[in-house]
Amino acid sequence: MHLLNLGILAHVDAGKTSLTERLLHSVGVIDEVGSVDAGSTRTDTLALERQRGITIKSAVVSFPLDGVAVNLIDTPGHPDFIAEVERVLGVLDGAVLVVSAVEGVQAQTRVLMRTLRRLRIPTLVFVNKIDRRGAREDEVLRAMARRLTSALVPMGTATGLGTRGARFVPRLGPGALDVLADRDDELLAAYVAGSVAPARLRAALAAQTGRARVHPVYFGSAVTGAGVADLIGGIEELLPAAAGDPDGPLSATVFKVDRGPAGEKIAYARIFSGTLRTRDRILFGDGPQEGKVTAVSVFECGTDVRQESVGAGRIGKLWGLGGIRIGDAIRGAAGECGGVPRAAYERHFAPPTLETVVVPGPHADRRALHVALTQLAEQDPLIGVRHDEMRRETSVSLYGEVQKEVVQATLADEYGLDVTFRESTVICVERPVGGGAAVEFNGKDGNPFLATVGLRVDAAPAGSGVDFRLAVELGSMPYAFFKAVEDTVRETLGQGLHGWRVTDCAVTMTHSGYSPRQSHAHQGFDKSMSSTGADFRGLAPLVLIEALRRAGTQVYEPMHRFRIEAPADTLGALLPVLARLAAVPQSTGMHGSVCVLEGAVPAARVHGLEQRLPGLTRGEGELETAFDHYAPVTRGPVPERPRTDHNPLNRKEYLLNVTNRLGG
């Protein structure tokens, strides 16, 4: 029996969790199909998920097919929880993308399919809700071909659309041969010769699906079960098995972290190679850290069961690794060979572009709130937690307002903390304009630190991040001092001249120097005469900020690409409003009586556009937006962000906060 790690992905309300329930029922794992509305589904286990009827956290459930053991991962559909989907993508062998036959292709559908195709994840499409009033077949197929991909192979047709008696009739039509032959020269030659046997066609379909070159499409209903048996057949026949050698070097990646009833960390890991056993000592993370696995669970027949080991191709729950984080690679302990894991936590989607301040209620324990938010950030790394000790404020970065509501409810339900939020603001970044350098020498010009640090900051290409370089010899002082400077530089770049994270720059260390370890006769180490890491950590922010001042920085705001479909006769009312919102249309097209506008709009104005569009288009306009790039802020005052550090922009204030050895 081979293994398959299968993801179920969809836009919100497409019926993804209902399909998961129907699959589990069809294969005999559950006796009764759970209901999202009733809060009785197997994968939506959080109280908040059951209350709201949406998936918030990814969940793993297992079921057997003939010859295939499937680990099925149900993921959130709401775009505010795209980070959960992001982490799952790296562990999948295949996917089912669910589309509603009523609502059709949505903005989130496009984002998901674009990513699945870019990562070459073999994907089947299931068009759900054929039993609902308003269900469409041909129109949805045309929309998918136009807005998702033309590499679609309908596996049959739907009958009785919009009724409880709607059914899926499997039939590989002549259009399938056209799609497959376009991507297979040998099949095309046979097609031209008129000699393509059905078995040859099915083999080509399986091969091209496995290479993510085409995507079979099934129609059905998760509620009635129509088409689900055919989808199961497609999962068995067309999606590739998990690869990996259980006897090879250990290689695994963590894609989810939970906490158990006692607060203990539980890591979900995909094993790509080797076998991980209880009581094994392993290395994980960048450090790396070493830990001992105290317990292992694997997924079987709808639940997870304790086992002594978990092998290649499988997903396991691991206990005992207190310092583990999402995205950590796991390999054998020191002295053992380790494989190279596939990264589960790469950035496939846009970063969060909103930020809000958490306001504790009158009786909330601030220390408990700090711990709770830190734990939430552990489970979702894209919820960036930012603590401002001076103002006693904590901010979190988010994707949207629904996510804010979920964080609020989670803090209340799981931690007993009553909080509210301030209005969300946009997260900007800073980039250097040019180059600038600064240096402070040990014992000179009011430098109170026993350290010499020189730094140069230069602009780098957009998207390059931060690169730290050395222009001094590594052996000129202890390595720990160089490491202290690099770590401090990266931390300090979290807040630039205007308080925003500085990115796309190269920082070069141009000068270094230290006071060697000294002691008085018959006495111990004398800190007042000898450099420590604290000296370099204290001096580096002053030097870096001065170099940034000389280079200059530009604040950039996040921009979303937008796509609007609206009646052509509403264009005259729409364009002036887009101009007032600083949206810039870049292309215009017509599809019959529908006008399609595409362009860019500042992230801060997206919510306003969402609110105005229905009134401008008689309720017929459709808006799709997604983060695209950062652009220089060119209108109004430059946005500033309050600092949360000791403010190296003000030397006197900084030295008062950092050290008692005051400089001039």
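Reply: Helices α12 and α13 are oblique to each other, a word used for angles that are not under 35 degrees (roughly parallel), over 145 (roughly antiparallel) or 65 to 115 (roughly perpendicular). The model is predicted: local features need pLDDT of at least 70 and side-chain atom pairs count only at pLDDT 80 or more, while totals for chains, interfaces and linings use all residues. Residues are numbered from 1 along each chain as its sequence is written, and side-chain values use heavy atoms, with hydrogens and water left out.

Two packed helices are described by the angle between their axes and the distance between the axes. Here α12 covers residues 479–492 and α13 covers residues 533–551; their angle is about 45° and their axes are 8 Å apart. Axes are lines fitted to C-alpha atoms, for helices over the stretch in contact, and angles run from 0 to 180 degrees between N-to-C directions. Helices (H or I, at least four residues) and strands (E, at least two) are DSSP runs, numbered from the N terminus.

The crossing of α12 and α13 is right-handed, meaning that the near helix is turned clockwise from the far one by less than a right angle. On the α12 side, F481, A484, V485, T488, V489 and T492 take part in the contact; on the α13 side, G533, F536, R537, A540, P541, L544 and I545 do. Contact means heavy atoms within 4.5 Å. By class, this contact has nine nonpolar, three polar and one charged residues. Ala, Val, Leu, Ile, Met, Phe, Trp, Tyr, Cys and Pro count as nonpolar, Asp, Glu, Lys and Arg as charged, and the others, Gly among them, as polar.

Another helix pair is α6 (residues 174–181) and α7 (residues 185–193), whose axes come within 8 Å and cross at roughly 135°. Helices α6 and α7 are also oblique to each other. L177, D178, L180 and A181 in α6 meet L187, L188 and Y191 in α7, a contact with six nonpolar, no polar and one charged residues.

As for the rest, the protein chain has 16 helices and 34 strands. Of its 664 residues, 52% count as buried, that is, under 20% relative accessible area (1.4 Å probe, protein chains only). L92, in the loop between α3 (82–89) and β4 (94–100), is buried, with a relative accessible area of 3%. L92 and L6 are 86 residues apart in sequence and 5.8 Å apart in space, C-alpha to C-alpha.

Terms used:
Buried means under 20% relative accessible area, exposed over 50%, partly exposed in between (1.4 Å probe, protein chains only).
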